[in-house]
Amino acid sequence: MKTRALLLALFALVLGACTSTNAVLLGGTGTYPELDPYDVRVFLTEDDVPGEYERIALVTAKSDAGWTDEADLIRAMRKRAATLGANGLIVGEVRDPTTLERVAEVLTDYEAQRRGRAVAIRLLD
């Protein structure tokens with residue numbers, strides 16, 4: 001039983017380490033308390049955002065394309081936005097590796113990366 005628990009913990013650690021995020025603050029009017037990632041609403045365009053909002057940060061993420069998908073990338077950006085007190089995320093670009101990058105991954109030790117970019121926002125209404 002202990003072995004199984006240890007393997008599950010190790011598996012979760014490996015998957016969690018597959019996605020990295022970065023945030024560049026955009027100079028908003030203040031700082032906000034950290035939120036639960038599930039409180040961060042995801043929008044596909046600025047037009048989808050209901051009402052006024054403040055831009056808090058530009059959030060970028062990258063992950064190993066062989067171990068993650070787009071949902072993992074957005075989940076990681078959502079988590080990073082929540083740490084900044086953002087309650088919204090406008091997804092900009094999510095890019096999968098090109099065919100050439102996939103071929104290079106097979107032939108060399110190159111790691112094909114999935115990349116994403118979004119704007120963390122604070123809804124004012």
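## The model and its numbering

The structure is a predicted model, in which local features need pLDDT of at least 70 and side-chain atom pairs count only at pLDDT 80 or more, while totals for chains, interfaces and linings use all residues. Residues are numbered from 1 along each chain as its sequence is written, and side-chain values use heavy atoms, with hydrogens and water left out.

## The chain as a whole

The chain has 3 helices and 5 strands, arranged along the sequence as α-β-β-β-α-β-α-β. Here helices (H or I, at least four residues) and strands (E, at least two) are DSSP runs numbered from the N terminus.

Of the 125 residues, 31% are buried; buried means under 20% relative accessible area, exposed over 50%, and partly exposed in between, with a 1.4 Å probe and protein chains only. Among contacts (heavy atoms within 4.5 Å) between residues at least 6 apart in sequence, 82% join residues at least 24 apart.

## Helix α2

Helix α2 covers residues 70-83, and its 14 residues should span 20 Å at 1.5 Å a residue, which agrees with the 20 Å between its end C-alpha atoms. The expected span is 1.5 Å times one less than the number of residues. After the helix comes Gly85, whose phi is positive, near 85°.

Leu73, Ala76, Met77, Ala81 and Ala82 are the buried residues of α2. Their cover includes strands β1 (19-25), β3 (53-64), β4 (88-95) and β5 (113-123).

## Strand β5 and its partners

Strand β5 is largely enclosed by the rest of the structure, because 8 of its 11 residues are buried. Strands pair if DSSP finds at least two bridges between them. β5 runs antiparallel to β3, joined by 11 bridges, and Glu54 stands opposite Arg122 in β5. β5 also pairs with β4 in the antiparallel sense, over 7 bridges, where Leu89 faces Ala120 across the pairing.

## Asn87 in the loop

Where does Asn87 sit? Asn87 lies in the loop between α2 and β4. Asn87 counts as buried because its relative accessibility is 17%.

A polar atom of the Asn87 side chain lies 2.7 Å from the backbone nitrogen of Leu123. Leaving aside residues up to four places away in sequence, Asn87 touches Leu35, Asp39, Val40, Arg41, Ile121, Arg122 and Leu123.

Technical notes:
Polar contact = N/O pair within 3.5 Å; in protein donor to acceptor, adjacent residues only side chain to side chain.
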